[in-house]
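My entries are below, in the order in which I made them.

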Amino acid sequence: MAGQHEVDEGDNGGTSDPRRAFGEALRDARELRPEGRWTQARLAREVRTSSSTISRIESGTLPIPASLPAVFDQVFATDGKFKRLYERIQAGGFPAHSRKRIAMEPHALAIAEWTQTVVPGLLQAGAYAHELFRAGSPRASEREIATMVATRIARQDVFKRSSPPDFSAVICESVIRRMVGGPDVMREQLAALLSHGSRPTSVVQVLPLNAGCHGLMDGTMSILTPPEGATIVYTEGIRSGGVIEEPSAVRELARSYDVLTASALSPDASAQFILKLMEAL
């Protein structure tokens, strides 16, 4: 599977918390450099960040900026060790049924999304994600919710790659009409959809409620094309999900998605529709 690696004992020292394992590995790499120990300040200068960021990463209290693991690997010549640890952190923040999809996402050449429930995670604004997590995890602390939100928003770093994936999303009209968190939250979310749709490598379409019956009415779906290997489909329900890899099933679902894009509003018409909803709030 592209982008996912087993992390051996030498990568984590037996630590079960992947964020703590990353911090310990970074501290060891910094303090045990063959050429001589670096202070946190010196490492911060080398990777162009702040000393406080390095300190909080090493203590396991800060979500790790997606750009830093590769820089750490380059600076310490660790052959992808920090990249693998970071992928373990990313996967560990999601339910087991979605981890294969999450591991593939940062490296995908193309991603296509269909949703009739909520805005796809790759397109969610922070306040909208917060409302979803708060409703779904009523006993979680605000700190726990903030961590969940940060983990979800970090997935959007895929669009900041030097060569971002070809991205397509079809969103049911009911999703953008549903009031999540109030007018301010929805205005921010609708503005985020317009921003994502304006990217040269992204297409965002709205499927109107009067579009009629289609082959993907019973669930949400993501299609991911990796740099190597076969395209997969990920489907998800309320508390479950799964990866479909069988070629004929993938082709059938991909065709259903193509039909859906043909039934949806054009990208320009979708943007106008979203803008009118936003202005009406």
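**Basis.** I am working from a predicted model, in which local features need pLDDT of at least 70, side-chain atom pairs count only at pLDDT 80 or more, and totals for chains, interfaces and linings use all residues. Residues are numbered from 1 along each chain as its sequence is written, and side-chain values use heavy atoms, with hydrogens and water left out.

**Whole chain.** I counted 13 helices and 6 strands; these are DSSP runs numbered from the N terminus, helices being H or I of at least four residues and strands E of at least two. Of the 281 residues, 42% are buried (under 20% relative accessible area, with exposed over 50% and partly exposed in between, using a 1.4 Å probe and protein chains only). I then looked at contacts (heavy atoms within 4.5 Å) between residues at least 6 apart in sequence, and 69% of them join residues at least 24 apart.

**Annotated stretch.** I checked the UniProt record, an unreviewed entry, which places the feature "domain: HTH cro/C1-type" at residues 26–60. UniProt positions are given in the numbering used here, feature names are shortened, and annotations may be inferred rather than shown by experiment.

**α3 and α4.** I looked up how α3 (40–47) and α4 (51–58) pack: their axes are 8 Å apart at an angle of about 110 degrees. Axes are lines fitted to C-alpha atoms, for helices over the stretch in contact, and angles run from 0 to 180 degrees between N-to-C directions. The pair is therefore roughly perpendicular (65 to 115 degrees; under 35 is roughly parallel, over 145 roughly antiparallel, and the rest oblique). α3 passes α4 in a right-handed crossing (the near helix is turned clockwise from the far one by less than a right angle; anticlockwise is left-handed). On the α3 side I listed Gln-40, Ala-41, Leu-43, Ala-44 and Val-47, which meet Ser-51, Ile-54, Ser-55 and Glu-58 of α4. By class, this contact has 5 nonpolar, 3 polar and 1 charged residues (Ala, Val, Leu, Ile, Met, Phe, Trp, Tyr, Cys and Pro are nonpolar, Asp, Glu, Lys and Arg charged, and the others, Gly among them, polar).

**Asp-28.** I found Asp-28 in helix α2 (residues 18–31). Asp-28 counts as partly exposed because its relative accessibility is 40%. Its C-alpha atom is 9.6 Å from that of Glu-58, 30 residues apart along the chain.

**Positive phi.** Most residues other than glycine have a negative phi. I noted Arg-48, not a glycine, with a positive phi of about 60 degrees. Arg-48 sits in the loop between α3 and α4 and counts as exposed because its relative accessibility is 80%. I noted Ala-77 as well, with a positive phi of about 55 degrees. Ala-77 is in the loop between α5 (68–76) and α6 (81–92), and at 67% relative accessibility Ala-77 counts as exposed.

**α11 and α13.** Last, I took helix α11 (residues 183–197) and helix α13 (residues 267–280), whose axes come within 9 Å and cross at roughly 160 degrees. The two helices are therefore roughly antiparallel. α11 passes α13 in a left-handed crossing. Arg-187, Leu-190, Ala-191, Leu-193 and Leu-194 of α11 meet Ala-271, Ile-274, Leu-275, Leu-277 and Met-278 of α13. I sorted the residues of this contact into 9 nonpolar, no polar and 1 charged.
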